Amino acid sequence: MSPSTSSPTPLDGDRRDADTLRVGVIGLGYAGTTHLESFRSLPGIEVVALAGKERERLELLAAQHGIAHTYADGDELIARDDLDIVSIATPNVLHDRLAVTALEGGKHVFCEKPLAVTAEGAQAMIDAATRAGRVLDAAFNHRRRADVQWVADYLRTEGIGRIYHARASWKRRSGIPGLRSWFTSPELAGGGALIDLGPHVIDTLLHLLGEPRVRTVSAVTHGELGRAGYGAMDRVDQMTSGADFGVEDLAAALLRLEDGASVALEISWAGHTVDDEDISIELLGVDGGVRLFIPRYKGEDTIRVFRDRAGTALTLAPDVRVAGGEHPLVIAEFVETVRAQREGRPVRDEAEHHRRLLERVRIIDACYRSAAQGQEVVV
């Protein structure tokens, strides 16, 4: 199968069900494949086009999933006039340009995180979605975990008093991805560990805290292990020389929120430490505390609640099981939003949703500015 640039034939249009949403996916890596499989798992969805630079993998995925139209270039896919949705899972630096083009062409856009590498890029995407009246969303699947949802429900129903401080982290011992890929290229990725893992941690944290605004950020970044040749996710691909390692493998920040609360954030791809693919969010409230600790994507025994009852310290360990399937769930929510928009029955406040998408990018953007300037910056 060779890359195609042909437009849909009349027969394609004649066979099209008015209720079927037609999707084109750009990107052939893990994220792109996950988007592809998640869309195909949903009723009323037809993935009709796939784009990517790796021709052999492009042909393989197209054959495996029965996709008739393939393209070496994402812009050629977007130019199709029969697509309802474009799913973007490319190197980060391409997200905003491809999304704006798709939105201006009347397509809805589902984008892999981060939404963009800069706040300006994210704002351009949001502006394009608003002008076109199309749905724009990002792949924040971690907040859909059952344990995260349990904590969110507990905070709403029981509460832990005013939350005055939070600790949030994602730490790896040896987890630098794609040492010879775009992941470690500042020009293509826009950063390292922070822009790779940070969006999920920040999104989950803000979701649990009730979407507060971050006022200032003071951050540092380090790329010591990557430059020294340590920390590769794939040991076979371990660096012999890290001289060209141009991104950070660790970022740490203090975030000050508008309500006076604070957040200690730490994100790392690698470290000579006990941490090994550990995600942690700890919320400290006046009347109690909650810790969500997920080592190596563990699906059970991840929650602890700390309270004081009549002077006695209590620790609760709720039995919550994570079944998985968060990627199809977040894409199913996106599809439902698209259908609702088409039918004139909006299911969410789009302006508020856009604000939340932008806030995540602005925080990461501010962290990089703070680290570069060596001082606290306003978000």
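The structure is a predicted model, in which local features need pLDDT of at least 70 and side-chain atom pairs count only at pLDDT 80 or more, whereas totals for chains, interfaces and linings use all residues. Residues are numbered from 1 along each chain as its sequence is written, and side-chain values use heavy atoms, with hydrogens and water left out.

With a relative accessible area of 15%, Ser185 is buried (buried means under 20% relative accessible area, exposed over 50%, partly exposed in between; 1.4 Å probe, protein chains only). When neighbours within four places in sequence are left aside, Ser185 is in contact (heavy atoms within 4.5 Å) with Gly190 and Val247. A separation of 6.3 Å is found between the C-alpha atoms of Ser185 and Gly246, which are 61 residues apart along the chain.

Strand 8 (residues 214–222) runs antiparallel to strand 9 (residues 250–257), and eight bridges join the two; strands pair if DSSP finds at least two bridges between them. Within this pairing, Val214 stands opposite Leu257 of strand 9. Strand 8 also pairs with strand 15 (residues 377–378), in the antiparallel sense and over two bridges. Here Thr216 has Val378 of strand 15 as its bridge partner.

A nonpolar core is a set of buried Ala, Val, Leu, Ile, Met, Phe, Trp, Tyr and Cys residues joined through side-chain atoms within 4.5 Å. The largest such core contains 52 residues, of which Val217 and Leu283 touch the most other members. Helix 9 (residues 193–209) supplies the largest share of this core, nine residues. Apart from this core lies another, of 30 residues, including Leu98, Ala99, Phe140 and Leu358. Not counting residues up to four places away in sequence, Leu283 touches residues that include Leu155, Ile160, Ile163 and His165, as well as Leu205, Leu208 and Leu209.

The structure holds zero disulfides, a disulfide being a pair of cysteine sulfur atoms within 2.5 Å. For Cys111, the closest cysteine sulfur is that of Cys367, and the distance of 20 Å is too far for a bond. Cys111 counts as buried because its relative accessibility is 0%. Cys367 is likewise buried, with a relative accessible area of 2%.

Methods. Helix = DSSP H or I, 4+ residues; strand = E, 2+ residues; numbered from the N terminus.
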